[in-house]
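The structure is shown first.

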Amino acid sequence: MRRIVSFLLAACLLSACVKDADQNIFSNVTLHAYVPGGENIVMMTVDPTLKGNQFLNINTRQNYAYPVFANGYATLRVQKGLYIVAFDAEATYADGSVHTVRCSQHNASDLAAFVLDDSVNLELEMTLLR
Amino acid sequence: MRRILHIFLLLAATGLSALAQDTLSVNGRTAAGRDPLRLSAREWSPAAFLLESIPQRSWAEAGVDLRREDQAWLTQEGDAALQGFFRTENLHRFERSAVLMGASYERGVKRNVRWNETSDFTLLYPYVMADSVGGDLQREQYAFQGHYAGRSGDWTWGAGMAYRALHEYRQVDPRPRNVTSDFRVDGTAGRILGPYALALTLSCRRYHQLQNTAFVNPKGANTTLFHMTGLGSHFARFAGTNAYVNVRYRGNGYTAALLLQPLSGEGFQAGLRYGSLTTVRHLINQNEAPFTELWTQEVGTEISWIRRAGRRNWRITLDGRYEFRQGTENLLDNFVSGQFRNLLDLTMYRNRNGFVRLQGVWQAVREADRWSLSPFVSLPFLYAEYLYPARRLDLLALEAGTDVRWEHTAGAWLLDVSGGAGWLDGMDSSLSLSEEYTDARMRSSIRSQFGKWSDNALSTRLSARVQHSLGTAMSLYMDAALQQKFYGRSGNATFLQAAVGLEL
């Protein structure tokens with residue numbers, strides 16, 4: 001009798017467990033922006049007020065602000081998911097010239113970037129606008 | 001409908017034909033079945049009726065249920081409801097076995113349902129479909145159950161099933177039509193151990209709900225439909241009025257319960273139960289893509305001591321329930337392959353709720369009168385969280401009260417009157433919502449609901465049953481129960497139930 005009760009108690013406690021207790025819902029995303037011509041981007045700023053600039057989780061519609069890119073790199077901590085990555089930015093090249101560039105690789109739901117691991121690197125090919 | 005009526009009539013007729021063997025009068029059987037000292041063990045083991053000290057008993061009743069609240073306790077269930085019902089239950093005893101059959105039919109309307117279009121909200125929350133318009137919801141439900149239990153030497157066993165079907169709909173936009181079926185099957189094995197019986201019951205559950213929502217106004221949809229994910233968050237990707245409005249819930253679960261009950265109806269009784277139910281929500285029009293999964297676990301326990309000493313009897317019970325809900329959202333891909341593939345699942349919602357309660361019954365018996373006093377103190381709690389954007393709701397309350405009951409038998413009459421009062425004190429509460437990512441209307445609704453949940457409340461109860469024997473085999477009764485709740489800041493609530501029935 002005592003054995004049966006002990007077994008059932010233990011079974012209940014073991015079963016009533018927390019699902020995915022050690023899950024990490026966030027991902028550290030490293031963005032690497034480059035221009036196909038080989039010019040180095042020293043600094044790049046995404047204008048947050050420009051409509052259409054987005055780092056958008058397509059499941060939750062949560063939009064993240066872009067940090068400043070230094071030497072072509074920027075990092076973000078976001079919830080894991082599928083993201084629309086699209087923006088126009090002002091890029092300063094190594095020679096000091098300032099250009100407007102566009103990132104449009106992942107600009108729609110069916111082109112969304114997969115951010116599923118604890119750390120993800122996204123290569124962003126920029127198009128020179130002017 | 002005709003088939004349902006036939007089943008009800010069959011059950012009622014079976015009850016009529018099988019009751020004459022009992023030596024107790026009908027009113028005596030009723031009083032035994034409603035004894036406040038007796039603990040219903042059926043919650044723990046459907047086969048427990050075999051060994052309970054309830055004589056053979058059958059009843060059928062028809063009545064109305066009314067609920068009216070100044071502010072809804074659950075916005076998602078509306079602030080008022082009116083429904084009629086018919087219920088019947090037959091318990092037949094044979095030499096070494098017993099059969100229990102029951103059926104019920106309910107039909108009515110829930111008023112001003114908001115932020116929910118899904119049936120069985122309390123089972124499926126937070127994963128329901130919602131909108132900001134809402135409205136009245138018509139409902140119709142029927143349920144059947146049948147159990148058989150037997151005894152062979154010191155061994156007992158039982159088997160049974162229960163089925164519930166629910167249909168809810170609305171005839172103005174947005175127009176949900178929800179069809180639910182809920183099926184359970186159970187088996188029990190037990191052993192008599194001296195003055196006690198130990199029983200282990202295992203049951204399986206299969207749940208299904210098909211939800212179709214339509215807009216027929218030619219001017220277009222009057223609201224967006226949201227797939228809620230907890231504390232005001234929702235699956236924004238599938239919000240809309242067209243492609244994602246048809247949903248299927250599929251649930252599978254099991255329960256294991258262990259019950260120790262005294263054969264004599266007095267002594268120590270204990271029960272322990274664990275249940276698990278996993279419900280997956282599918283998008284029907286998207287190749288049945290599963291996009292959320294809710295895992296609900298429940299642990300319940302009860303320990304009682306019953307003492308019968310003739311004229312002075314008492315019972316003390318400590319019971320509790322703990323429910324743990326975990327909601328998982330599936331990250332579906334971008335439909336490039338023509339179907340949504342599940343790439344990753346994230347457990348984003350957790351809800352822990354339950355109560356611990358201590359209650360006692362003290363009973364005085366004097367010839368044709370039975371007086372009882374039933375004080376209780378209870379500690380209900382609720383802790384819910386959504387991981388990101390972070391949302392959290394904490395509630396802890398203390399409730400205490402007492403009921404007084406008087407049962408009187410005089411000739412062919414049985415009178416059972418009870419009244420009581422309780423005080424609910426919202427001891428500790430906090431709510432934190434993500435301002436930026438929660439729709440302002442949802443935020444307002446949750447805050448309003450939280451205000452009521454954390455409020456203090458005085459509740460009063462009054463109920464009466466008048467029963468009159470019509471010969472030796474039948475009694476006619478009338479039941480009425482009125483409950484009122486007076487909240488500090490959230491208005492009042494009234495619950496009324498009235499029924500007339502036949503006891504056989």
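Where in chain B does Pro389(B) lie?

The model is predicted. In chain B, Pro389(B) sits in the loop that runs between β16 (369-386) and β17 (391-410). Pro389(B) counts as partly exposed because 17 other C-beta atoms lie within 10 Å, and a residue is called buried at 20 or more and exposed at 12 or fewer.

Leaving aside residues up to four places away in sequence, Pro389(B) touches Ser434(B) and Tyr437(B). Gly253(B) is 136 residues from Pro389(B) in sequence, and the C-alpha to C-alpha distance between them is 30 Å.

## A sheet in chain B

Chain B has an open sheet of 3 strands, ordered β4-β9-β10, with antiparallel pairing. Its edge strands are β4 (129-130) and β10 (233-234) of chain B, each of which pairs on one side only.

Between β4(B) and strand β9 (residues 226-230) of chain B, the antiparallel pairing extends over 2 bridges. Opposite Met129(B) stands His227(B), a residue in β9(B).

## The contact between chains A and B

At the interface, 22 residues of chain A are in contact with 25 residues of chain B. On the side of chain A that touches chain B, the elements giving two or more residues are α1 (2-15) and β6 (81-93) of chain A. The largest share of that side, 3 residues, comes from α1(A).

What is the make-up by class of the side of chain A that touches chain B? This side has 9 nonpolar, 8 polar and 5 charged residues.

Technical notes: Residues are numbered from 1 along each chain as its sequence is written. Chains are lettered from A and ligands numbered from 1 in the order in which they are written. This is a predicted model: local features need pLDDT of at least 70, side-chain atom pairs count only at pLDDT 80 or more; totals for chains, interfaces and linings use all residues. Helices (H or I, at least four residues) and strands (E, at least two) are DSSP runs, numbered from the N terminus. Two residues are in contact if their C-beta atoms, placed from the backbone, lie within 7 Å. Two strands pair if DSSP finds at least two bridges between them. Ala, Val, Leu, Ile, Met, Phe, Trp, Tyr, Cys and Pro count as nonpolar, Asp, Glu, Lys and Arg as charged, and the others, Gly among them, as polar.
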